[in-house]
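Come along and follow my entries.

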Amino acid sequence: MTRADDVVEQALEAPSERPSMIDLGILEELTGFYLRAAYEACYNDFATVLGPDKLKPGSFALMSLIFENPGITQVELARGSGRDKSSVAIALRQLEDSGLIRRVRLEGDRRSYASYLTSAGETLYQRMIAKARTHIERVDAIVGPERKAILLTILKDIVDGLQAD
């Protein structure tokens with residue numbers, strides 16, 4: 001009998017005696033597993049805090065970069081957000097179709113566009129900034145200022161170290 005057969009047989013014999021804790025096995029050692037779980041928790045909290053101003057965190061990140069860097073190009077947005085150019089292109093199209101940004105073709109390079117927030121985009125962004133601060137405060141209360149600095153340094157090291165490969 002295989003281990004899988006033993007596990008199935010035990011589960012069928014005593015379903016009420018199953019442990020309440022799930023054995024994570026090798027997942028317990030995978031940094032990415034916990035990064036993903038933390039991301040999901042933060043994503044859900046951020047979405048809850050945003051309420052009716054729902055906008056995907058990735059779109060919020062792009063709007064933040066556009067607000068802080070008016071005229072930023074798609075290539076620069078991809079680099080700044082850590083996303084691939086094709087997913088940035090899709091998100092920019094959605095933001096443009098929603099009237100939140102406008103893109104202007106660059107004179108020197110007819111293939112490139114500079115991105116700007118529209119007045120509607122800036123209004124939404126300003127509302128979202130206040131709500132984002134609430135989310136930041138909630139996460140900071142869990143992590144604490146000293147650990148946050150360490151956590152951000154470690155996360156940046158992971159990004160830089162794995163992108164170098």
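**Rings and their neighbours**

I began with charges and rings: Arg103 lies over the face of Tyr113, and I noted 5.5 Å to the ring centre. Bear in mind that this is a predicted model. I then found the charged end of Arg102 over the ring of Tyr116, 5.0 Å from its centre.

Next I turned to rings beside rings. A pair of aromatic rings is described by the distance of the centres and the angle of the planes. How many aromatic pairs does the count come to? I got five aromatic pairs. Phe33 and Tyr34 form one of them, with 5.2 Å centre to centre and 85° between the planes. I wrote this pair down as edge-to-face because 85° is over the 60 degrees set for that label.

My next entry is Phe67 with Tyr125, a tilted pair with 4.8 Å between centres and 35° between the planes. Where in the chain do the two partners of this pair sit? I found Phe67 in helix α3 (residues 57-68) and Tyr125 in helix α6 (residues 119-143), so the pair links distant parts of the chain, 58 residues apart.

Phe67 counts as partly exposed at 28% relative accessibility, whereas Tyr125 counts as buried at 3%.

Terms used. Residues are numbered from 1 along each chain as its sequence is written. This is a predicted model: local features need pLDDT of at least 70, side-chain atom pairs count only at pLDDT 80 or more; totals for chains, interfaces and linings use all residues. Side-chain values use heavy atoms; hydrogens and water are left out. Rings of Phe, Tyr and Trp (its six-membered ring) pair if their centres lie within 6.5 Å; planes under 30 degrees apart count as stacked, over 60 as edge-to-face and the rest as tilted. Helices (H or I, at least four residues) and strands (E, at least two) are DSSP runs, numbered from the N terminus. Buried means under 20% relative accessible area, exposed over 50%, partly exposed in between (1.4 Å probe, protein chains only). A charge sits over a ring if NZ of Lys or CZ of Arg is within 6 Å of the ring centre and within 35 degrees of the ring normal.
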